[in-house]
Amino acid sequence: MNAQKLSKRLETVAKFVPTGAVVADIGSDHAYLPCYLIHKGIATSAVAGEVVKGPYDSAVGQVKKEGLTEQITVRLADGLAAVEESDHVDTITIAGMGGPLIVSILEKHPQSLQGVTRLILQPNIHAKVIREWALKNNWAILDEDILEEDEKIYEILVLQRGPMELTAADILFGPKLLLRQSPAFMKKWNREKENWQRVLQSIEGAEPTLDIEEKRAELIALLDLVEGVL
């Protein structure tokens, strides 16, 4: 992977960036995504944010190597603190982290979301918590995607401002993904179903404490949801 040829995962994130966008890529690592977006004429300018010095230095070096120092600003900052009002960012990408970490980044500096009209979020796990956050914070799901790469399955959520209504199944599976039920979607949820069945079987013989009973009820509810879909 490099600034000209992204991984399948990041290429899918890139396809949801609107043409003419001003992008902030949070947790940018080598800044491959913002460099790619500028090279392809998708973004007009970008901010690459990194909280760790090593990846920040890598991003600075990559932007220089690509000759994009006029279009891409690299900042060492905690999450959305990398975004300044003068950047006029309208699109934020956060990829390659867990869902709860992505939510904590969005919640820590909410003022940085002013003027932002699109969030493109790629959680490695627990996409459900992002949908729950969106529901509470007046963001609606514009689109979703799911893909498999290197034997891992990734979900991508595209949010725009506005209200929405989601069922329990929508929150867990993703409303757009639920409609399409792609091979990657089916593979992910069959795998989850098998895992939940194993856990449920392992606690069936355990002493019925309150924690065990709560876990059992949670697993049965999840299995009911997934069996209604598969």
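Q: What kind of model is it, and how are residues numbered?
A: This is a predicted model, in which local features need pLDDT of at least 70 and side-chain atom pairs count only at pLDDT 80 or more, while totals for chains, interfaces and linings use all residues. Residues are numbered from 1 along each chain as its sequence is written, and side-chain values use heavy atoms, without hydrogens and water.

Q: How much space lies in the largest pocket?
A: About 660 Å³. A pocket is an open set of points on a 1 Å grid over the protein atoms alone, with protein on both sides within 12 Å along at least five of seven lines; a cavity is a set where a 1.4 Å probe fits but cannot get out, and lining residues have an atom within 4 Å of a point. Points are joined across faces, edges and corners, and a volume is the space filled by probe spheres set on them.

Q: Which residues lie nearest its centre?
A: His126, Leu172, Trp189, Glu192 and Trp196, out of 27 lining residues. α8 gives the most to this lining, seven residues; helices (H or I, at least four residues) and strands (E, at least two) are DSSP runs, numbered from the N terminus.

Q: How does that lining divide?
A: The lining of the largest pocket has 15 nonpolar, three polar and nine charged residues. Ala, Val, Leu, Ile, Met, Phe, Trp, Tyr, Cys and Pro count as nonpolar, Asp, Glu, Lys and Arg as charged, and the others, Gly among them, as polar.

Q: And what volume has the second largest pocket?
A: About 220 Å³. Arg9, Gly27, Ser28, Asp29 and Ala95 are the closest to its centre among 15 lining residues, and β4 supplies the largest share of the lining, three residues.

Q: Now the helices: at what angle do α8 and α9 pack?
A: At about 150 degrees, with axes 10 Å apart; axes are lines fitted to C-alpha atoms over the stretch in contact, and angles run from 0 to 180 degrees between N-to-C directions. The two helices are therefore roughly antiparallel (over 145 degrees).

Q: Which residues of α8 meet α9?
A: Among them are Trp189, Trp196 and Leu200, which belong to a contact (heavy atoms within 4.5 Å) that includes Ile212, Leu219 and Leu223 of α9.

Conventions:
Angles under 35 degrees count as roughly parallel, over 145 as roughly antiparallel, 65 to 115 as roughly perpendicular and the rest as oblique.
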